[in-house]
Amino acid sequence: MTDEPKVRATRVKSVDAEWLETLEQNPAYAGIDIKRELGKAQAWASIRNVGVSQMRFLNWLNKAQADQRPIQFNGTGATSFRPAATQPNNEPTGWKEWVRANSTDASNADKPWSALEPVAQKYILTQLQK
């Protein structure tokens, strides 16, 4: 016996036409355009220099299915989706007016506070406190 750890070789299964046909026949993926989703997955993978294996594509399809599920109403006006978490409004009062009056690019005042660079936010806060 050797003390070397065993290396288990795994073979990544690639997506082929026959396997795609079985997916299209699977009722779990009814209503999903399998070929379109494959194209999107391949585009995503190509910019990341990775391949699209069967496992990766199944994960992709399951996410696509979750994104496309219909909203269900329970009769009380509530839906099956959790309400979006509201972020506290941390915008300083008067910041837009200050930016319009003092910035070289007044269009920055048209952006949401959260879209500004943290350095710019800090600078604006120091100017507003003067």
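This briefing describes the helices, nonpolar cores and salt bridges of one protein. The model is predicted. The protein has 130 residues, of which 21% count as buried. Its secondary structure comprises 5 helices and 0 strands, so that the order of elements from the N terminus reads α-α-α-α-α.

**Overall picture**

- The accessible surface of the protein is about 10,800 Å², and carbon and sulfur atoms account for 52% of that area.

**The nonpolar cores**

- In soluble globular proteins, nonpolar side chains tend to be buried together.
- The largest nonpolar core of this protein consists of 12 residues, including Trp19, Tyr29, Ile32, Val52 and Phe57.
- Three helices each supply at least two residues of this core: H1 (17-25), H2 (34-47) and H3 (54-67).
- Helix H2 makes the greatest contribution to this core, with 4 residues.
- Apart from this core lies another one of 7 residues, among them Trp95, Trp98, Val99 and Leu116.
- Leu23, a member of the largest core, touches Tyr29, Ile34, Phe57, Leu58 and Leu61, when residues up to four places away in sequence are not counted.

- Trp19, Leu20 and Leu23 are the buried residues named here for helix H1.
- These residues lie on the same side of H1, because they cover an arc of only 100 degrees around the axis.
- Ala17, Glu18 and Gln25 are exposed on the other side of H1.
- Trp19, Leu20 and Leu23 also belong to the largest nonpolar core.
- An α-helix has 3.6 residues a turn, so residues three or four places apart point the same way.

**Salt bridges**

- Side chains of opposite charge can pair when their charged atoms come close.
- The protein has 3 salt bridges, counted with a cut-off of 4 Å between nitrogen and oxygen.
- The side chains of Glu24 and Lys35 form one of them, with an N to O distance of 3.9 Å.
- Because Glu24 lies in helix H1 and Lys35 in helix H2, this pair ties together parts that are 11 residues apart in sequence.
- Glu24 counts as partly exposed, at 35% relative accessibility, whereas Lys35 counts as exposed, at 54%.
- Glu37 and Lys40 form another salt bridge, in which the closest N and O atoms are 3.1 Å apart.
- Glu37 and Lys40 are 3 residues apart in helix H2, and therefore about one helical turn separates them.
- Glu37 counts as buried because its relative accessibility is 3%, under the cut-off of 20%.
- Lys40, in contrast, is partly exposed, with a relative accessible area of 35%.
- Asp110 and Arg100 also form a salt bridge, and their closest N and O atoms are 3.1 Å apart.
- Asp110 lies in the loop between helix H4 (95-102) and helix H5 (118-128), while Arg100 lies in helix H4, so this pair ties together parts that are 10 residues apart in sequence.
- Asp110 is exposed, with a relative accessible area of 55%, and Arg100 is partly exposed, with 43%.

Methods:
Residues numbered from 1 in each chain as written. Predicted model: local features only at pLDDT ≥ 70, side-chain atom pairs only at ≥ 80, totals over all residues. Heavy atoms only, no water. Core = buried A, V, L, I, M, F, W, Y, C linked by side-chain atoms within 4.5 Å. Buried < 20%, exposed > 50% of the residue type's maximum accessible area, 1.4 Å probe, protein only. Contact = heavy atoms within 4.5 Å. Areas by Shrake-Rupley, 256 points an atom, 1.4 Å probe, with all protein chains shown as cover. Arc of directions from axis to C-beta.
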